[in-house]
Amino acid sequence: MKIKSNLNYIHYFENVAILPNVNNISEDDYNKIKDNPIFKYKNDEGYFETKYEFSLQNLNPARAIKSINDCIDVNLLNSELEKETRESVKKAIINRIKDISTPEEVK
């Protein structure tokens, strides 16, 4: 399940971390946190989006590249790379995956 956090910091609920931007969590983890009162409040207030769909195909290249640069999930980026046909967007995905995958001390 994808959850998008609109906050700039990590939230922990029942030992499940929700990072800024798009998160891909298991159904088991979602079931652990869905009844947490703080999670429910923040979800109702729009801090989290639990029905979030990450898809680049319907976005113009500039918006797609912004979404790519906001994404921290390598698996999600790889799945979008397989579907993407626009060269500029493909290049942005490859660069983002490389950026996420490179250890900080190497940068």
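Colleague: Why is R63 counted as exposed?

Modeller: R63 has a relative accessibility of 52%. A residue is called exposed when its relative accessible area is over 50%, buried when it is under 20%, and partly exposed in between, with a 1.4 Å probe and only protein chains considered. The value of 52% therefore places R63 in the exposed class.

Colleague: What kind of model do these values rest on?

Modeller: This is a predicted model, in which local features need pLDDT of at least 70 and side-chain atom pairs count only at pLDDT 80 or more, while totals for chains, interfaces and linings use all residues. Residues are numbered from 1 along each chain as its sequence is written, and side-chain values use heavy atoms, with hydrogens and water left out.

Colleague: In which element does R63 lie, and how far is its C-alpha atom from that of V74?

Modeller: R63 belongs to helix α3, which covers residues 61-70. Helices are DSSP runs of H or I with at least four residues, strands are runs of E with at least two, and both are numbered from the N terminus. The C-alpha atoms of R63 and V74 are 19 Å apart, the two residues being eleven places apart along the chain.

Colleague: How many helices and strands does the chain hold, and in what pattern do they follow one another?

Modeller: There are five helices and five strands. Along the sequence they follow the pattern β-β-β-β-α-α-β-α-α-α. The C-alpha trace spans about 45 × 35 × 25 Å along its principal axes, and 31% of the 107 residues count as buried.

Colleague: What makes K66 and D70 a salt bridge?

Modeller: Their closest N and O atoms are 2.9 Å apart. The criterion is a side-chain nitrogen of Lys or Arg within 4 Å of a carboxyl oxygen of Asp or Glu, so the pair K66 and D70 qualifies. K66 and D70 are four residues apart in helix α3, which means that about one helical turn separates them. D70 is partly exposed, with a relative accessibility of 28%. In general, side chains of opposite charge can pair when their charged atoms come close.

Colleague: How many salt bridges does the structure hold, and what distance is found between D29 and K32?

Modeller: The structure holds five salt bridges. One of them joins D29 and K32, with the closest N and O atoms 3.4 Å apart. These two residues stand three places apart in helix α1 (residues 27-33), so they are separated by about one helical turn. D29 has a relative accessibility of 23% and counts as partly exposed; K32, at 48%, is also partly exposed.

Colleague: Why is E80 called buried, and which residues is it in contact with?

Modeller: The relative accessible area of E80 is 1%, and E80 is therefore classed as buried. E80 is placed in helix α4, residues 74-83. Leaving aside its neighbours within four places in sequence, E80 is in contact (heavy atoms within 4.5 Å) with F54, S55, L56, Q57 and I93.

Colleague: With which side chain does E80 meet in a salt bridge?

Modeller: The partner of E80 is K83, at 3.0 Å from N to O. E80 and K83 lie three residues apart in helix α4, so about one helical turn separates them. K83 is partly exposed, with a relative accessibility of 47%, whereas E80 is buried.

Colleague: Which residues stand opposite K4, and which residues make up the covered face of β1?

Modeller: K4 stands opposite V22 in β4 and opposite E49 in β5. The covered face of β1 consists of I3 and S5, and the uncovered face of K2 and K4. S5 has F48 of β5 as its bridge partner. In a regular strand the side chains alternate between the two faces of the sheet.

Methods
Pairing = 2+ DSSP bridges.
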